[in-house]
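Here is a short tour to read alongside the model. Take a moment to look at the sequence and the fold, and then we can walk through a few features together.

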Amino acid sequence: MAQDIPQTDSTDNVVPTDSIASDSLSAAKPPREAPFKSRVLYKAIDSMNFFLPEQKVFMYNEGKVEFEKKVLDAYRIQFDMATKIVHADPGKDSADHDIGVPKFVDGSQTIHARSLSYNFNNSKGFIHEIKTQEGEGYLHASKAKRYADGHIDLAGGKYTTCDADHPHFHLALSKAKVIPGDQVVFGPAHMVLLDIPLPIIIPFGFFPQSNKKAVSGVLMPSIGMEVSRGLSATNGGYYFSFSDHFDATVRGDIYSTGTWKLDVAPRYMKRYKFSGNMNFNYGVTVSGEKGLDRSETKQYSIQWSHTQDAKANPNQTFSASVNYSSTSYDREFNYTNPSMLYTNTKNSSISYRKNWPNTPFRLTANFNHSQSQNSGVEMITFDFPTVAFSMDRIYPFRKKESSGKAKWYEDITLQYDANLKNTLTGKEGDLFTPKNFKRMKNGFQHKVPFSINFKALKFLNITPSMNYNGVLYNSRIRRTYLNDSISSSGQRGIVLTDTIYGLTYAHSLSPSLSISANSKFYLMNIYGPNSKIEAIRTVISPTASINYVPDMSSLFNYYRTYIDNAGREQKYSMYDGSIFGTPTSPGQSGSVSVGLNGNVEMKVRSDKDTTGISKKVKILDRIDARSSYNIFADSMKWSNVSLSASTTIAGINFTVTGAVDPYKLTPAGTRIDRFGPRLTNVNFNTGITLPFSKGQKSGEETDNKEKGKTKSSSSNGYDYFNVPWNLTVSYSMNYSKPTFEGKFTQNLNFSGSITLTPKWSLNFQSAYDFDAKKISYMTATIQRDLHCWTMSLNFAPFGSAKYFFFQINVKSGTLRDLKYEKRRTQQDFSINPW
């Protein structure tokens, strides 16, 4: 509790004689031994006056006294060596402003004051007009008393996180006690904003200031109002500080209509080992009127991020990135986050990797998740677990120590790959039902490829190989044609597929041969010395390859047949639809693949460079064309021709891809084996990111800037004619025409930011819908820096999820709950629009 401290004149060097001063500052006459056990240093720039009979020293202009870990700086210092009391006061300059304001430092504690008296013997002191920083906050007081243990009692104090000498806001404290490095405890207090007292009264409280681990405590909620959900208390809860390595935050939202949400967010960390955080969210959205159309929808979301330190274990790693939620969670609770709101896909991955040093073996285990929403239906896929064990390529016939030329068989390579995979796919409501579990796909596969590579004629690569492939499933299928049955479409005859459960193993041993060739050609066009263009170079790289695999189905036959209603024999595999397929093909296979890629560059002479050095300019960064020919196909042996090209003009990248079908269509839209090239797909992408504007600099402005300020700069150094800004624009166009009808789609996205003044900023992102001919969505954030406060407005004026969220709050985390919020969601707009 603060004590009443008598006032003393700052120029009076006489020690106060009242009871408090006598108890605190007076010291008995020093014994004849050395007055100080530690060395005392004192100095001043202007002058030092010594009064030996009284054992006093007067220091003027930047006086300084150092004793152990205590340092006192002030314009005027009076040091009484007999009583070990020091008095400090500021001076005045010619404009009658204070200079050399006393500053006292004791270890990590720093105190600024109008004047102070301090006893080096008992470490007590009186302070007038104190200002000291404790954690993120600043304490002001008209008078204070410091105790030997460093505690400070304040009377008429202020607590604020504003660093201004005259703070813009503060809590007016009637009395307070400062425990450095621990907490500030205060009695009755009220809020003051811009020197205006507000009717916000706090009977008592404390501010934690510990530099040690965080302290558990209550998280104050934000009170608000929404038209559709009613009164709300959001983000209230409790923070649990279990240890230096583990903490958790529990927050909740509750609305007067019955809607509520609970968030649990634990964090963990072990230095030099790993760190991570989780976020579990569960809530119930209530809509409609009670007794009429009231409905409740359960929402949930799970996020988990785990990172292992790179130095913890280089041979073994574990990582996790999980993002899973119910279908409408983002729409109900993440409406202010456009990246979540307009994302139709979510993915998760939990991965464990291990390799054995000095061996070719490695192990990987994964848990993967993906969910996507198309046409309002969300499909979820889980891959768990997915385990892969592999052996890198080795040369089994090579000797550890060899001399001379290697034998041909020493280049034979061997690898091993094994995979275990389980996949479950379904809708959100029936994903984990027994019926859906029966549709789970799982299996085991391992492969052992032997291969050797020969080079011929410097550009031919010949690779014969022998591949063993084995698969293990827990089921197979059998198909039967029922001639007398009627299908759902009304046609006679259906194919019945039966699933036969039980472990089954299939394998194959397949030889193959691959021959590939590649080369590179240069075409050079050289121009005369009077031409601006020095030369144009075209690089062409043709590639070709032949692959052949013989028919091994007679040795490893996993194909069956049935007779349809026309008497034709239909062949099928017992493992159709299995996760790794059938280990053998129903016949021999072979293909010829051809490709052509290259680039075009130009050399341009420079008019300014007299050294003759030319500038290289790329006309086409890349151009590529590819296709393949199926040797054993019955008809339409050529595949579609894929085309792509890219270039950069004035810093803007342009990319074009396309596909050409080499075969004609019948009037009914069916492909036939007659050549007639058709463009079936074209995709065009471009985008530009504009950096901060540099503005136009005239010669006069450049000269002024060298002197420190341009003519367009304001008094605060901000150039209002050179506003920092950035803009990113991306455009994509797709034209698809698989038959006679083409579909044309376009997408335009843009985002950017602009700093209007040193205090105002705007960030935005949006997209334009060419089909609807309107802006599909737009989100923007306007921010205003209010020194110790900040104001922001987030809003989405267009799109399917309009909202706005206004907030003004204190910057400091210590007073983060001192804020005002106003929000409105899409549901509110449907009830009461702007």
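## The chain as a whole

Helices (H or I, at least four residues) and strands (E, at least two) are DSSP runs, numbered from the N terminus. By that count, the protein chain has six helices and 50 strands. Of its 834 residues, 33% are buried, meaning under 20% relative accessible area with a 1.4 Å probe and protein chains only.

This is a predicted model, where local features need pLDDT of at least 70, side-chain atom pairs count only at pLDDT 80 or more, and totals for chains, interfaces and linings use all residues. Residues are numbered from 1 along each chain as its sequence is written, and side-chain values use heavy atoms, with hydrogens and water left out.

Strands pair if DSSP finds at least two bridges between them. Strand S22 (residues 246-255) and strand S23 (residues 260-270) pair in the antiparallel sense over nine bridges, and Arg251 has Asp263 in S23 as its bridge partner. Four residues lie between these strands, and Gly258 in this hairpin takes a positive phi near 110°.

S23 also pairs with strand S24 (residues 274-287), again antiparallel and over nine bridges. Here Val264 has Phe280 in S24 as its bridge partner. This hairpin has three residues between the strands, and its Tyr272 takes a positive phi near 65°.

## A loop residue

Where does Phe632 sit? Its place is in the loop between strand S40 (615-630) and strand S41 (641-649). Phe632 is partly exposed, with a relative accessible area of 33%, where partly exposed means between the under 20% of buried and the over 50% of exposed.
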